[in-house]
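Visitor: I am new to this structure and would like to learn how to read its features. Please take me through them one at a time.

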Amino acid sequence: MLLLSGLEGGGQLLRTSLSLSLITGKAFHMTCIRGARPKPGLMRQHLTCVNAAAEICGAAVEGAHLGSQELKFHPGPVRAGDYQFAIGSGGATTLVLQTLLPALLHAPGPSTVRIEGGTHNPLAPPFEFIEECFLPVLHRMGVKASVTLGRPGFMQSGGGFLKADVLPMKKWKKLDLHERGELVTKFGTVLNAHLDGSIVQREVKTLLGHLLGTGCGERSRRA
């Protein structure tokens, strides 16, 4: 078993450890989880990552509860399937997806994952980053996965969900990112939930002020 401990054992260290454990089949023991944060230990998003990872591989887990600063994770074989997970808050659905995706790419068959919670969180990549930046790069490596936004969810209540379809990897392709591509276009997206339309228009006006130039566009979405 691999023992992991650090100054504050942040959430990304936990998520990466879960992903690597699922792929390699190696157990790990983590201490001091988020130890230096104002609210240390596992919060709902982190706990959902742990429970979701455990479900897709039948792992044996110790310490999987809110506020826990210590976790033991013993993975089993990754299993394909149709999964549903709910964070229960505005915690980031995208971070849960990024934890599970590497493992599901190594599953014996196709999988679907529905994750409920926050889809647009100020401390995590929003849904659009996954759809328009993260997955397109993985597609160039041979990954066959797609993601759709069912309903936007914001801090603190959440209430949104995304769905991902993942096919197992057949062969990884070389990724060459030595040169930056030319600028194609500029655009902005305004999302709002239960706000007056005048607020949206002010946001669009402000956004356009930053995007003035060739190829500038606008689009809005109301939740």
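**Reading the features**

Guide: R114 sits over the face of F161, 3.7 Å from the ring centre. A charge counts as over a ring if NZ of Lys or CZ of Arg is within 6 Å of the ring centre and within 35 degrees of the ring normal. This is a predicted model, in which local features need pLDDT of at least 70, side-chain atom pairs count only at pLDDT 80 or more, and totals for chains, interfaces and linings use all residues. Residues are numbered from 1 along each chain as its sequence is written, and side-chain values use heavy atoms, with hydrogens and water left out.

Visitor: How many aromatic pairs does a search of the whole structure find?

Guide: Rings of Phe, Tyr and Trp (its six-membered ring) pair if their centres lie within 6.5 Å; planes under 30 degrees apart are stacked, over 60 edge-to-face, and the rest tilted. The search finds 2 aromatic pairs. F28 and F73 are stacked, at 5.7 Å centre to centre with 25 degrees between the planes. This pair links distant parts of the chain, 45 residues apart: F28 is in strand 2 (residues 28-30) and F73 in strand 4 (residues 71-74). Strands (E, at least two residues) and helices (H or I, at least four) are DSSP runs, numbered from the N terminus. Both F28 and F73 are buried, where buried means under 20% relative accessible area, exposed over 50%, and partly exposed in between (1.4 Å probe, protein chains only). Y83 and F85 are also a stacked pair, at 6.0 Å and 10 degrees.

Visitor: In what order do the 4 strands of the open sheet run?

Guide: Two strands pair if DSSP finds at least two bridges between them. The order is 5-6-8-7, with mixed pairing. Strand 5 (82-86) and strand 7 (145-151) are at the edges; each has a single partner strand, so one side of each lacks a neighbour in the sheet. Strand 7 pairs with strand 8 (residues 160-166) in the antiparallel sense over 6 bridges. Within that pairing, V147 has A164 in strand 8 as its bridge partner.
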